[in-house]
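Subject: Structure handover

Hi,

Here is the structure I promised you. Please open it alongside this note. My findings follow below.

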Amino acid sequence: MYLNSAVVVLVSVFCYVECACPDIISKSSWGARSPKKTKALRSTPPWIVVHHSDTPACNSRSACESRVKNIQTHHIDHNGWDDIGYNFLIGGDGNIYEGRGWGIHGAHVPRYNAKSIGICLIGDFQNTNPPSNQLQALENLIKCAGDTNKVTSNYRVIGHRQGGATKCPGDNLFNKIKTYSRWEPNPS
Ligand SMILES: [Zn+2]
């Protein structure tokens, strides 16, 4: 009895330290439109693809929520997609906004849509750096994905430009990603 309790406490403490996931602002909280349809990934994805939105940055929750809504509207009405393309978006306010969410087929880089989680940092990081709270949120979300098996145990991280002809996620953000231990210099 005491032993069992001790094990539960130990596991809980371990997970509190090792498996903590950041808060994610759900689609219903930011006022998302319903997707036209969703398609589940067929298996746990081995890739995380990082993007920038190539839009002005946002630095408050209200400004970031409007930006995320604008991106969803553009993706559905202009691009003709089923939903906002990314699985998650991160604002300059340091908040993480749910896009398609975990386990859902994305629309962000054709070669990787069926086998990745796409995370978009709001802003244009070709010539400017993302603020530290936005980068910290990215690192927390990536660690959470690994800790909670939303990606395979040997998952790797790439920038959009490694999967298609684009400057995304901008030179400055890409240079940050290249310092990650999980960054893959030669993606398949
Ligand atoms: Zn991109």
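Is cysteine 21 buried, partly exposed or exposed? Cysteine 21 is partly exposed, because its relative accessible area is 35%. Buried here means under 20% relative accessible area, exposed means over 50%, and partly exposed lies in between (1.4 Å probe, protein chains only).

Some ground rules. This is a predicted model, in which local features need pLDDT of at least 70, side-chain atom pairs count only at pLDDT 80 or more, and totals for chains, interfaces and linings use all residues. Residues are numbered from 1 along each chain as its sequence is written, and side-chain values use heavy atoms, with hydrogens and water left out.

**Disulfides**

The structure has two disulfides. The cut-off is a pair of cysteine sulfur atoms within 2.5 Å. One of them pairs cysteine 21 with cysteine 144, with the sulfur atoms 2.1 Å apart. This pair links distant parts of the chain, 123 residues apart. Cysteine 21 sits in the loop between helix H1 (2-18) and E1, and cysteine 144 sits in helix H4 (residues 132-147). Helices (H or I, at least four residues) and strands (E, at least two) are DSSP runs, numbered from the N terminus. Cysteine 144 counts as buried because its relative accessibility is 2%. The link is right-handed, with 95° about the S-S bond.

The other disulfide joins cysteine 58 to cysteine 64, S to S 2.1 Å. This link is right-handed, at 100° about the S-S bond. Cysteine 58 and cysteine 64 are both buried. With the bonded cysteines numbered in sequence order, the pairing reads 1-4, 2-3.

Cysteine 120 counts as buried, at 0% relative accessibility. Cysteine 168 counts as buried too, at 6%.

**Helix H3**

Helix H3 covers residues 61-78, 18 residues in total. Its first and last C-alpha atoms are 25 Å apart, close to the 26 Å expected at 1.5 Å a residue. The expected span is 1.5 Å times one less than the number of residues. The buried residues in H3 are Cys64, Glu65, Val68, Ile71, Gln72, His75 and Ile76. They lie on the same side of H3, because they cover an arc of only 125° around the axis. That arc is taken from the directions from the helix axis to the C-beta atoms. Ser62, Asp77 and His78 are exposed on the other side of H3. The cover over the buried residues includes strand E1 (24-25), helix H2 (27-30), strand E3 (88-90) and E4.

**Histidine 108**

Histidine 108 is in the loop between strand E4 (96-98) and strand E5 (116-121). Histidine 108 counts as buried because its relative accessibility is 8%. Its side chain makes a polar contact with the side chain of histidine 51, at 2.9 Å. A polar contact is a pair of N or O atoms within 3.5 Å; within protein, one must be able to donate a hydrogen and the other to accept it, and residues adjacent in sequence count only if both atoms are side-chain atoms. A polar atom of the histidine 108 side chain also lies 3.5 Å from the backbone nitrogen of glycine 118. Leaving aside neighbours within four places in sequence, the contacts of histidine 108 (heavy atoms within 4.5 Å) include Val49, Tyr86, Asn113 and His160.

Best wishes
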